[in-house]
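Please examine the chains shown here and follow the report alongside them.

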Amino acid sequence: MNIDLPAVEEAAKELYIRALKILPPDIKAGFTKLTESETAPTAQSVLATMVTNIQVAEDTENMLCQDTGLPIYNVTIGRNVSVDGHALMLAIRRGCERATHEHPLRSSVVHPITRKNEHSSCGAGVPVIHIDFSDADEVFDIEMIPKGSGSENNSFLKMAIPAEGVDAIKTFVIDCVLAAGGKTCPPTIIGVGVGGTSDLCVALAKRAATRPLGSVCSDAEGAKLETQLLKAVNLLGVGPQGLGGDSTAFAVHIELAATHITMNPVAVNMQCHSARRARARFSPSGVTYGF
Amino acid sequence: MAHHELTTPVSEAQMRQLRIDDTVTLQGTLYGIRDATQIHLFDRGRTTRFDLRGHAVIHTAPNVRKVEPSAAFPAGYESICVGTTTSDRMERFTRPLMAQLGVRIIIGKGGLREDSLAAFGELGGVYLAIIGGTAALESTWIEQIEDVDLDDLNPESLWKFRIRDFGPLRVAMDSYGGSLYETVRVDAQARRAQALASLGVGVGANAEKKA
């Protein structure tokens, strides 16, 4: 299967706009679940407003949140797929820029020192583009994530040591949630990276935070920790928007990698309640959009 | 837990009526500000032609479409999506906003800290919590972008919105030292030990040796 680059550009544009407007069904189901279990009246009213907003966004075809985020594109290339890699990166970048101009969207991207905004949602190293490979035949996926800054500003890394054990991981997650309070727009998906190098650990945390609700860590120990940590986090009473309640997090997601005998790294990245993402799948029969 | 209908500008006396957990719906004018707006106003000595005395500001940077100025779009901007950003980053600007420019209401998400709370008490103001991430809903409360200043900072310009039935918003910090965020923070901190105990932290071999 040959990948048509103008189609990639179009998809990159379409995905950014779709992601900003339609919340994935697993996140909507997450709201239903929290609404059923929440016991605090203030938290119930906050959750109800969030659910109303999802409907208003769909009815008015408007964006869920004003924050257009930092644009992230995750590309997964299957087997027997042919594409010019460099041209692919440029096509995604053009699509991102076109979404910003043509919709139009607020460009939230600035130079980190001059703070100059090019009004294109692009800049050095942005959009963030990750390329990965799968064993699926003739499948090419682009996932788009507009990562909101309120949650992204609460990102943490600790290079714990082996003597601190798994207790260090657990304590760190709890303390990160306490430090974040209402700033991350809870209820959140708490992404935890465990192991790897420092950079891999942070990348794992981001991957975990942007995984669909209902997905489970592929490692059995990681999966066990996910359940334990969610219960513990929701004991804290931070609640939706930091105004108190049981619904501090939808889920805790863990992604892990092997690490060094002397290392015990843990990273936390959070996704806000507007946990937006969109996906385009290219196959021999055409392009389909989903989540 | 009273509900208040307020039209801006407001007086100090009106602010002193508000207590945490009251709700407020605003009418009239609302100004949009953000990080860069306040950095330029308070750190770089720039000024605005707007009179913010008694007014409400919201921590925002909207999505807009540039259009030909007309009666409907006097500032040459059509509002697309107006939402609210995390307030905490702008903590140090609350006092100058109130003391120098006369602002009385700050609308935001996630709350502000001690110095803001002290400023609300000393100068007569409140923080109204909006639900972050609900911009589609919030946008339906914005009637028009009436004017804009410091527009070289776009999208972090100083925006003047005309609003209708903006709310209900929750009084989350009042002029009597009340802060819902502080109450929740202290309460959550007190539950830390319970959360860690539920995870079995401190009950392993290491902890026993330490004891």
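This is a predicted model: local features need pLDDT of at least 70, side-chain atom pairs count only at pLDDT 80 or more; totals for chains, interfaces and linings use all residues.

Which exposed residues does the face of α6(B) turned away from its buried side carry? They are V186(B), Q189(B) and A190(B).

Residues are numbered from 1 along each chain as its sequence is written, while chains are lettered from A and ligands numbered from 1 in the order in which they are written.

**Helix α6 of chain B**

Helix α6(B) spans residues 180-190. Its buried residues are L180(B), Y181(B), V184(B), R185(B) and A188(B). Seen down the axis of α6(B), these buried residues fall within an arc of 130°, so they line one face of the helix. The arc is that of the directions from the helix axis to the C-beta atoms. The cover over the buried residues of α6(B) includes α6 of chain A and β9 of chain B. Helices (H or I, at least four residues) and strands (E, at least two) are DSSP runs, numbered from the N terminus.

**The interface between chains**

On chain A, 44 residues are in contact with 44 residues of chain B. Contact here requires C-beta atoms, placed from the backbone, within 7 Å. On the chain A side, the elements giving two or more residues are α3 (41-60), α6 (165-180) and α8 (220-233). α3(A) gives the most, with eight residues. By class, the chain A side has 18 nonpolar, 19 polar and seven charged residues. Ala, Val, Leu, Ile, Met, Phe, Trp, Tyr, Cys and Pro count as nonpolar, Asp, Glu, Lys and Arg as charged, and the others, Gly among them, as polar.

**Domains of chain A**

Chain A is assigned domain 1 (5-20 + 64-148 + 275-290) and domain 2 (150-271). These bounds come from an automatic or database domain assignment. Taken over C-alpha atoms, the centres of domain 1 and domain 2 of chain A are separated by 26 Å. Each domain gives six residues to the contact. The domain 1 side has three nonpolar, one polar and two charged residues.

**Two sheets in chain A**

An open sheet of four strands has the order β4-β7-β5-β6 in chain A, with mixed pairing. Two strands pair if DSSP finds at least two bridges between them. β4 (156-160) and β6 (249-257) of chain A stand at the edges, each with a single partner strand, so one side of each lacks a neighbour in the sheet. The twist averages 15° from one strand to the next. Helix α8(A) packs on this sheet, touching β5 and β6 of chain A, and its direction makes about 150° with that of β6(A). Axes are lines fitted to C-alpha atoms, for helices over the stretch in contact, and angles run from 0 to 180 degrees between N-to-C directions.

An open sheet of five strands has the order β2-β1-β3-β8-β9 in chain A, again with mixed pairing. Here β2 and β9 (286-290) of chain A are the edge strands, each with a single partner, so one side of each is left without a neighbour. The twist averages 20° from one strand to the next. Helix α1 (residues 5-21) of chain A lies across β1 (70-79), β3, β8 and β9 of chain A, at about 40° to β3(A).

Within these sheets, β5 (188-195) and β7 (264-271) of chain A pair in the antiparallel sense over six bridges. G193(A) has A267(A) as its bridge partner in β7(A). β3 (140-147) and β8 (278-283) of chain A are also antiparallel, over five bridges. E143(A) has R279(A) as its bridge partner in β8(A).

**Backbone exceptions**

Most residues other than glycine have a negative phi, and most peptide bonds are trans. The table lists exceptions.

| Site | Feature | Angle |
|---|---|---|
| P186(A)–P187(A) | cis peptide bond | omega about 10° |
| N154(B)–P155(B) | cis peptide bond | omega about 10° |
| R115(A) | positive phi, not a glycine | phi about 65° |
| H119(A) | positive phi, not a glycine | phi about 55° |

P187(A) sits in the loop between α6 and β5 of chain A. P155(B) is in the loop between β8 (142-149) and β9 (158-173) of chain B. R115(A) lies in the loop between α4 (85-102) and β2 (128-137) of chain A. R115(A) counts as exposed, with 12 C-beta neighbours inside 10 Å. H119(A) is in the loop between α4 and β2 of chain A. H119(A) is partly exposed, with 16 other C-beta atoms within 10 Å.

Notes
Two residues are in contact if their C-beta atoms, placed from the backbone, lie within 7 Å. A residue is buried if 20 or more other C-beta atoms lie within 10 Å of its own, exposed if 12 or fewer, and partly exposed in between; C-beta atoms are placed from the backbone.
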